[in-house]
Amino acid sequence: VENGEINWSKLKETIYLGTRFLDDTIDANQFVSEVPMLKEMAKKNRRIGLGILGLADLFYAMDIRYGSEKSIDLASNIIEFIRYHSMEASMELAKEKGAFKGIIGSIYDKDNFAWNIPTPLEPYRYDWKRPTIGWQRLKNEVIENGLRNSTLMTIAPTGTTSTVLDSEGYGCEPAFALAYIRHVHQKAVGKDDLKLTYVSPSFKKRMDAEDIPVQEKEKIINYVLENGTLKGCDFAPEKMVKTFSVSGDITVDEHIEMQAALQRFVDNSISKTINFPIGSTEIDVANAYIKAYKLGCKGITVYVEGSRQQVILETNKEAKKKNNK
């Protein structure tokens, strides 16, 4: 994001680089010699999984609440842009190096071409100044030249990668919390559990920028340290409360609709957790799966708050509840 807007040209450059890099990785990979079929299938279909991380960070930077209509519209615009240019890059690689060997009989077989141009879950309603893309032109070129890769995109969990890059949004997830405890298991060095306290850098940066008296800032920070969220904090700026939503603040329907909007342009699966509040029932979970299926999601993961004794991330409030049981 630069001056509150997406740098589309930089994103396009990164997509092309990422697509070529992942395709090269197939040839550079040292496959398990005991299972030669892995290498055979990898070389035949050349599946890659270009993805994203930091979607939540992007929304924070642009003052957009994760799960809102605006956030889903922007996410869809971005993921369509990535899919389009990744496909274009793969087509160019096919012209340069040849199409994937398994293209005959696939949906990209020019003699029986069955791939359809993807469309957004809902018509776009906002102008993000995204450059024009030409799906029909690209489809015609793919029919003529094929693709280097049978699949192009996925959205992985990216937990460790996001932490290393100081990103708050794992994959396409919202931020877990604005402050939390991270449990690191170290049995190999004789320690069962190392607890690390994390506070959102985006939140801290925004707090520093806000014209709020020092004592009020301390109250807000303490609230976040205890609860992990600004929800219910009536002494914090209203705009911050709305923007800095975390996983537990987002409704089940909003979680599913975000995943479904992304899935329309992702040809592999998506790692995404649908967070449920304490007290959710089997019927609630069943309804979520049905809705996700109807909207075209390939699969979902559900988590009901408090349903697991051991977790990697938890807020101070959750830890105290568990310890008092």
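In this predicted model, E96 is partly exposed, because its relative accessibility is 49%. E96 forms a salt bridge with R20, and the closest N and O atoms are 2.8 Å apart. The pair links distant parts of the chain. E96 sits in helix α4, which covers residues 69–97. R20 sits in helix α1, and 76 residues separate the two partners. R20 also counts as partly exposed, because its relative accessibility is 34%. Both values fall in the range between 20% and 50% that defines this class.

The partner of D23 is R148, with the closest N and O atoms 3.2 Å apart.

D27 belongs to helix α1. R46 lies in the loop between α2 and α3 (55–61). The two residues are 19 residues apart, and the pair is another link between distant parts of the chain. D27 is partly exposed, because its relative accessible area is 41%. R46 has a relative accessibility of 4% and therefore counts as buried, the cut-off being under 20%.

Salt bridges that share partners join D23, D27, R46 and R148 into one network. Side chains of opposite charge can pair when their charged atoms come close. Across the whole structure, the search finds 20 salt bridges. Among them is the pair of E96 and R20 described above.

The surface also carries a nonpolar feature. V32, V35, M37 and L38 form a nonpolar patch there. Together these four residues have about 340 Å² of accessible area. One of them, V35, lies in the loop between α1 (8–28) and α2 (36–45). V35 counts as partly exposed, because its relative accessibility is 30%.

D27 in helix α1 pairs with R46 in the loop between α2 and α3.

How values were computed
Residues numbered from 1 in each chain as written. Predicted model: local features only at pLDDT ≥ 70, side-chain atom pairs only at ≥ 80, totals over all residues. Heavy atoms only, no water. Patch = residues over 30% accessible without salt bridge, like charges linked within 9 Å, V, L, I, M, F, W, Y side chains within 5 Å. Areas by Shrake-Rupley, 256 points an atom, 1.4 Å probe, with all protein chains shown as cover. Salt bridge = Lys/Arg side-chain N within 4 Å of Asp/Glu carboxyl O. Helix = DSSP H or I, 4+ residues; strand = E, 2+ residues; numbered from the N terminus. Buried < 20%, exposed > 50% of the residue type's maximum accessible area, 1.4 Å probe, protein only.
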